[in-house]
Amino acid sequence: ASLKKQDGEASEWCKGLKDAFSILESDFETYDSDGNGRVDLAEIVKGGKVLGGREDRLDFISRMQHNLMKVDLDRSGDLDFWQFCFLAFLMTMDGSYNDLVLHTKDATIVKKSMIGVQQL
């Protein structure tokens, strides 16, 4: 079903967005291995499941580092939950979201919602 931006909180789009944030929150907590409410490159690399060999892992690390620099607006070197959501949005827009959440079975819900946000 396509997400429609009508009927307020009762809309399918709003329900999909709430589901997406719930999934993103779970993903964020998975990456936040030290429980400080922030994730950094090391935690994402450690928590990420990269298919392939060493070159694929280096490519993943390089892309993550580049994307983290884009969304780390306060230049703290790590991301809070909302910056992590921004990271998910950017990676959805460039087609690399699955690299971030390979372990998430509900990635499609997040991608649909992020695409819906982009279309606003």
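This is a predicted model: local features need pLDDT of at least 70, side-chain atom pairs count only at pLDDT 80 or more; totals for chains, interfaces and linings use all residues.
Stop 1: Select residues 54-71. The helix has 18 residues. From its first C-alpha to its last it reaches 26 Å, close to the 26 Å expected at 1.5 Å a residue.

**Stop 2: the buried side.** Now pick Phe 60, Met 64, Asn 67, Leu 68 and Val 71, which are buried in H3. Look down the helix axis. The buried residues of H3 fall within an arc of 105°, so they line one face of the helix.

What covers the buried residues of H3? Colour these elements: the cover includes strands S1 (39-40) and S2 (78-79). It also includes helices H2 (41-47), H4 (81-93) and H5 (97-100).

**Stop 3: Asn 67.** Stay in helix H3 and centre on Asn 67. Is Asn 67 buried or exposed? Its relative accessibility is 3%, so Asn 67 counts as buried. Show its contacts beyond the neighbours within four places in sequence: Leu 87, Met 91, Asp 94 and Ser 96.

**Stop 4: Val 45.** Move to helix H2 and select Val 45. With a relative accessible area of 12%, Val 45 is buried. Leave out residues up to four places away in sequence, and Val 45 touches Arg 57, Phe 60 and Ile 61. Check one distance here. The C-alpha atoms of Val 45 and Ile 61 are separated by 6.5 Å. Along the chain, these two are 16 residues apart.

**Stop 5: the aromatic cluster.** Select Phe 21, Phe 28, Tyr 31, Phe 81, Trp 82 and Phe 84 together; they form one aromatic cluster. Across the whole structure, a search finds 6 aromatic pairs.

Zoom in on Phe 21 and Phe 81. A pair of aromatic rings is described by the distance of the centres and the angle of the planes. Which parts does the pair tie together? Phe 21 lies in helix H1 (residues 12-31) and Phe 81 in helix H4, so the pair joins parts that are 60 residues apart in sequence.

Phe 21, at 29% relative accessibility, counts as partly exposed. Phe 81 has a relative accessible area of 16% and is buried.

Definitions and conventions
Residues are numbered from 1 along each chain as its sequence is written. Side-chain values use heavy atoms; hydrogens and water are left out. Helices (H or I, at least four residues) and strands (E, at least two) are DSSP runs, numbered from the N terminus. The expected span of a helix is 1.5 Å times one less than its number of residues. Buried means under 20% relative accessible area, exposed over 50%, partly exposed in between (1.4 Å probe, protein chains only). The arc is that of the directions from the helix axis to the C-beta atoms. Contact means heavy atoms within 4.5 Å. Rings of Phe, Tyr and Trp (its six-membered ring) pair if their centres lie within 6.5 Å; planes under 30 degrees apart count as stacked, over 60 as edge-to-face and the rest as tilted.
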